[in-house]
Each structure stands twice: as C-alpha cells, then as structure tokens.
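Subject: Handing over a structure, with notes

Dear colleague,

I am passing on the structure below, together with notes on what was found in it. Please look through the sequence and the model before reading on.

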Amino acid sequence: ECTKKVLEALNNTGTRHVVPHVFSNNGMKVYQHLYYLIQEDQKKKNYIKGLIADSAPGPMSIRDNLRHGNFKNNQVVLPLLSHLFMVNQANKVSLGENIRQTYEAALALMKNWK
C-alpha cells in the first residue's frame, strides 16, 4: 500500500524519471515493490534512472567491487541476492514469490548492470 501511494504521488507530479534514495531494509523493500509496479507498466520501463542505497543491507566488499567495476565477481552478486531474499522473508513474502523475485532480480542484475 505504501508503495502504491509513492507511485501515485510521482504520477501526480508528472515526473518522467526518478532516482530513488532508500534508507535501510524497509526502504529497500519499498524500492523493490516500486520497481515491480513500474515494470508492469510498459510505458514506464525506463522510469527509474538510478538508485541511492543509504544504509541498505550488504557487506562493504560489495561497494569496493562495484567501485572497481568487478560486478562479474560472484562475491558481489550472491550477497545482493541473499539480502533481497532475507528482506523479503522478514517482510513475510511467501516463499514461492520470494524465490520468483530473487530469480528475476538475478536475471536483471546480470543483464543490466554495467
């Protein structure tokens, strides 16, 4: 419900692109839901232009690997996906839906991360 209100507010402002700034685990969860809602609307597929993750889950090694452009290193992918899975579990996402979302996130990361 919170995410739908965020998307509604963005739609009401006429915003064409957005770079969400999220805080902590629940901020990342709201972003995740926002991302999936936006992806359902074909006209808004490129709506999100970036993400600022402020105090979001993840070990420091992820930041270091990203800074050096070493995303293909599995040490980066696995923690991102495991944190997504754990945040989903904490927010009571069903196991089947959690696995589906984590799988889709893995595909999107591998395809889109530069």
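The notes that follow go from the whole chain to single residues.

Please keep in mind that this is a predicted model, in which local features need pLDDT of at least 70 and side-chain atom pairs count only at pLDDT 80 or more, whereas totals for chains, interfaces and linings use all residues. Residues are numbered from 1 along each chain as its sequence is written, and side-chain values use heavy atoms, with hydrogens and water left out.

**Confidence and overall layout**

The mean pLDDT (the predictor's confidence in each residue, from 0 to 100) is 76 for the protein, and 76% of its residues reach 70 or more. Where pLDDT is low, the predicted coordinates should not be read in detail.

The protein has five helices and two strands, taken as DSSP runs (helices H or I, at least four residues; strands E, at least two) and numbered from the N terminus. Along the sequence they follow the pattern α-β-α-β-α-α-α. Of the 114 residues, 31% count as buried, where buried means under 20% relative accessible area, exposed means over 50%, and partly exposed lies in between (1.4 Å probe, protein chains only). The protein exposes about 7800 Å², of which carbon and sulfur atoms supply 57%; these areas come from the Shrake-Rupley method with a 1.4 Å probe, and for residues only the protein chains shown count as cover. Among contacts (heavy atoms within 4.5 Å) between residues at least 6 apart in sequence, 66% join residues at least 24 apart.

**The nonpolar cores**

A nonpolar core is here a set of buried Ala, Val, Leu, Ile, Met, Phe, Trp, Tyr and Cys residues joined through side-chain atoms within 4.5 Å. The largest one has nine residues, namely Leu 7, Leu 10, Val 18, Val 22, Tyr 31, Leu 34, Ile 38, Tyr 47 and Ile 48. Two or more residues of this core are given by each of α1 and α2 (24-40), and the largest share, three residues, comes from α2. Apart from this core lies another, of six residues, including Tyr 36, Ala 105, Ala 106 and Leu 109. In soluble globular proteins, nonpolar side chains tend to be buried together.

Within the largest core, Val 18 touches Leu 10, Tyr 47 and Ile 48, and also Lys 49 and Gly 50, when residues up to four places away in sequence are not counted. The buried residues of helix α2 are Gly 27, Lys 29, Tyr 31, Gln 32, Leu 34, Tyr 36, Ile 38 and Gln 39. The expected span of a helix is 1.5 Å times one less than its number of residues, so the 17 residues of α2 should span 24 Å, and the 25 Å between its end C-alpha atoms agrees with this.

His 21 lies in strand β1 (residues 21-23), and Asp 54 lies in strand β2 (residues 52-54). Although 33 residues separate Asp 54 and His 21 along the chain, their C-alpha atoms are 7.0 Å apart, and those of His 21 and Ala 53 are 6.1 Å apart. Leaving aside neighbours within four places in sequence, Asp 54 is in contact with His 21, Val 22, Phe 23 and Ser 24, while His 21 is in contact with Ile 52 and Asp 54. Both residues are partly exposed, His 21 with a relative accessible area of 40% and Asp 54 with one of 30%.

How many salt bridges does a search of the whole structure find? There are two, a salt bridge being a side-chain nitrogen of Lys or Arg within 4 Å of a carboxyl oxygen of Asp or Glu. One joins Arg 100 to Glu 97, with the closest N and O atoms 2.5 Å apart, and another joins Arg 100 to Glu 104, again at 2.5 Å from N to O. Glu 97 and Arg 100 lie three residues apart in helix α5 (residues 95-112), about one turn of the helix, and Glu 104 lies four residues from Arg 100 in α5, also about one turn. Side chains of opposite charge can pair when their charged atoms come close. Arg 100 is partly exposed at 36% relative accessible area, as are Glu 97 at 27% and Glu 104 at 31%.

Thr 102 is also found in helix α5, but this residue is buried, with a relative accessible area of 13%. Not counting residues up to four places away in sequence, Thr 102 touches Leu 81, Leu 84 and Phe 85.

With best wishes
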